[in-house]
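Student: I have a new model open. Can you show me how to read its features?
Tutor: Gladly; here it is.
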Amino acid sequence: MQTSRLFSILPDYICTPDGMEIDQYGNLVLSCPNYADENLSGCVVKIDREGNVRKWFDVPVLEDTGVARNMGIAFDRDYNLYLCDNQGWTEKEDVLFKGRVLRIKADDDGNILDFSVVACGMEHPNGIRVRGDYMYVTQSYLHPVKHESGKLVSCVYRFGLDEKNIRITNTLEDPHILTTFITENPDCQYGADGIAFDRDGNLYVGNFGDGAVYRITFREDGSVLENRLFARDFSQLESTDGMIFDERGNLYVADFCANAIARITPDGRVERIAQSPDSDGLHGELNQPGEPILWDGRLIASCFDLVTGPGKVNTGHSMPATLAQLELE
């Protein structure tokens, strides 16, 4: 296996880095929900190839809570930015069902030129991808919905890029639900998380608690043809957070629980390619990786470094926050 290296030590206004994208200039764009410090709100930063960080903008806050908690991030073809504002991630009573999907247009200096709410009333919006005229958003919980077995239900929503002010019902009857998932693992009831499209337009979604990746194929009219298990091997991949495809069709997945990165080949074979022990991340360790991205010939991983408990290598949060890197083989 590879040994990850340090890519960037992040400034102290970032305590929890998460989703990433590449802008039209080739900069790495990082979404920071900052859950580890209640006094910090969410922001978006840009990072150049040498690892230099500058704040792009602070995400517009939700009036009810006074903060933004932006996780997943995606650009459309015109470089409008879409963010999953996961207000309810902490599961505190006063922030439940206040999640949003935001559309933001900002200039190079971070001035917000246009802002709108695509969807609101969500419990746990997490990952997002844009393809064609639609955005696809994972919701890791679909409470109060439960499967007849009592296990957790999660889903993917699909919204048009021009839609706004959609109030999500958090029911199975919501017309924006594309497909749903059941998380079987009783010890980790956490559902749809990482999301990515392959070059043929098939959608891949990670069911976090099961360490499984599903492939969703489509009919010509855009409806779901099949939602089928694509890859699962708990010995190599314990949890499925953010994910990204390379040009050869390999899927790289952040294994949040195991402090690892796995690669899944086009035929569904899973192989762990790097793993780190519990650490502060300052030597480039995978310190609870939340999302990988391929950038400038490297794989960059954001280090979430916050969640502890059974099944997690991570034992606590530390500062400063970091990004790690791996070479592509």
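Student: Which residues does UniProt list for "domain: SMP-30/Gluconolactonase/LRE-like region"?
Tutor: The UniProt record, an unreviewed entry, lists residues 213-277. Keep in mind that this is a predicted model.

Student: What is the make-up of residues 213-277, in helix and strand?
Tutor: Read off the secondary structure over the range. Here it is 0% helix and 52% strand. The end C-alpha atoms of that stretch lie 24 Å apart.

Student: How many helices and strands does the chain have?
Tutor: Zero helices and 25 strands.

Student: What does the radius of gyration say about the chain?
Tutor: For 329 residues, a compact globule would have a radius of gyration near 20 Å; the chain has 18 Å, so the two agree. The C-alpha trace spans about 50 × 45 × 40 Å along its principal axes. Buried residues account for 60% of the 329.

Student: Now a single residue. Is Thr 322 buried or exposed, and why?
Tutor: Check the relative accessibility against the cut-off: buried means under 20%. Thr 322 has 2%, so it counts as buried. Thr 322 belongs to strand S25, residues 322-327.

Student: Which residues is Thr 322 in contact with, beyond its neighbours within four places in sequence?
Tutor: Among them are Leu 6, Ser 8, Ile 9, Leu 10 and Pro 17. The list also includes Gly 281, Leu 282, Ser 302 and Cys 303.

Conventions
Residues are numbered from 1 along each chain as its sequence is written. This is a predicted model: local features need pLDDT of at least 70, side-chain atom pairs count only at pLDDT 80 or more; totals for chains, interfaces and linings use all residues. Side-chain values use heavy atoms; hydrogens and water are left out. Helices (H or I, at least four residues) and strands (E, at least two) are DSSP runs, numbered from the N terminus. The radius of gyration is taken over C-alpha atoms; the globule rule is 2.2 Å times the number of residues to the power 0.38. Buried means under 20% relative accessible area, exposed over 50%, partly exposed in between (1.4 Å probe, protein chains only). UniProt positions are given in the numbering used here, feature names are shortened, and annotations may be inferred rather than shown by experiment. Contact means heavy atoms within 4.5 Å.
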